[in-house]
Amino acid sequence: MIIYMLQDVLATEPNIDIASVESHEMSIYILRLTIAGKQGVVYEKSTQRPKAFRSLEQVRAILSRCNVARAELIHHSPFDEMIGNPQSNNSMVLPFSIRSSV
């Protein structure tokens, strides 16, 4: 898996094929980028861990100066786990706008 450092993304403002924002526990978002066909997670250099965003507006701010061809919000459903079923791939993928409508 490729690691994209947040600081490098901010400095280079790359052309992004796909920006995938994964929603975890309703208030934590992890950003996956596909750049030149290579997918990777955005990490924070200071912690050497994936960057946890607290809102979609934070993601928009980070990517606002990048050229993003497609963006998507991925929401993993917790319902199987809640009722004791084995975890399945019940993910909802929604189009996501990098430009805020506000």
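This is a predicted model: local features need pLDDT of at least 70, side-chain atom pairs count only at pLDDT 80 or more; totals for chains, interfaces and linings use all residues.
## Overall layout

The protein chain has three helices and eight strands. Read from the N terminus, its elements follow the order β-α-β-β-β-β-β-α-β-α-β. The chain holds 102 residues, and 35% of them count as buried.

## Helix α2

Helix α2 spans residues 56–63. Which of its residues are buried? They are V59, R60, I62 and L63. Seen down the axis of α2, these buried residues fall within an arc of 160°, so they line one face of the helix. An α-helix has 3.6 residues a turn, so residues three or four places apart point the same way.

What does the buried side of α2 pack against? Its partners are α1 (6–12), β2 (15–24), β3 (28–35), β6 (52–53) and β7 (67–76).

The N-terminal end of α2 has a cap, S55. A side-chain oxygen lies 3.4 Å from the backbone nitrogen of E57. E57 also takes part in a polar contact of 2.8 Å, side chain to side chain, with R60. R60 itself belongs to α2. R60 has a relative accessible area of 16%. The cut-off for buried is under 20%, so R60 counts as buried.

A61 also lies in helix α2. Is A61 buried or exposed? A61 is exposed, at 51% relative accessibility. The cut-off for exposed is over 50%. A61 and I98 are 37 residues apart along the chain, yet their C-alpha atoms are separated by 8.4 Å.

## The nonpolar core

The largest nonpolar core has 21 residues. Which of them touch the most other members? They are I16, A19, L31, L33, L63 and V68. Five elements, α1, β2, β3, α2 and β7, each supply at least two residues of this core. The largest share, four residues, comes from β3.

Leave out residues up to four places away in sequence. L31 then touches A19, S20, V21, G40, V41, V42, F53, V59 and L63. Two of these, A19 and L63, are listed with L31 among the core members that touch the most others. V59 and L63 are also among the buried residues of α2.

## Two buried strand residues

S20 sits in strand β2. S20 is buried, with a relative accessible area of 3%. Its side chain joins that of E72 through a polar contact of 2.7 Å. Setting aside neighbours within four places in sequence, S20 is in contact with I30, L31, R32, E72 and I74.

I30 is part of strand β3. I30 is buried too, at 16% relative accessible area. Neighbours within four places aside, its contacts are S20, V21, E22, H24, V41, P50, K51 and A52. I30 and V42 are 12 residues apart in sequence. In space, their C-alpha atoms lie 7.5 Å apart.

## Side-chain pairs

| Pair | Kind | Distance |
|---|---|---|
| S20 and E72 | polar contact, side chain to side chain | 2.7 Å |
| R60 and E57 | polar contact, side chain to side chain | 2.8 Å |
| K51 and F53 | charged end over ring, to ring centre | 5.6 Å |

How many aromatic pairs are there? The count comes to zero.

Most residues other than glycine have a negative phi. Two residues here go the other way.

E13 is not a glycine, yet its phi is positive, at about 45°. E13 lies in the loop between α1 and β2. E13 counts as partly exposed, with 28% relative accessibility.

A36 also has a positive phi, near 55°, in a residue other than glycine. The loop between β3 and β4 (38–44) holds A36. Buried or exposed: which is A36? A36 is exposed, at 68% relative accessibility.

Note on methods
Residues are numbered from 1 along each chain as its sequence is written. Side-chain values use heavy atoms; hydrogens and water are left out. Buried means under 20% relative accessible area, exposed over 50%, partly exposed in between (1.4 Å probe, protein chains only). The arc is that of the directions from the helix axis to the C-beta atoms. Contact means heavy atoms within 4.5 Å. A polar contact is a pair of N or O atoms within 3.5 Å; within protein, one must be able to donate a hydrogen and the other to accept it, and residues adjacent in sequence count only if both atoms are side-chain atoms. Rings of Phe, Tyr and Trp (its six-membered ring) pair if their centres lie within 6.5 Å; planes under 30 degrees apart count as stacked, over 60 as edge-to-face and the rest as tilted. A charge sits over a ring if NZ of Lys or CZ of Arg is within 6 Å of the ring centre and within 35 degrees of the ring normal. A nonpolar core is a set of buried Ala, Val, Leu, Ile, Met, Phe, Trp, Tyr and Cys residues joined through side-chain atoms within 4.5 Å.
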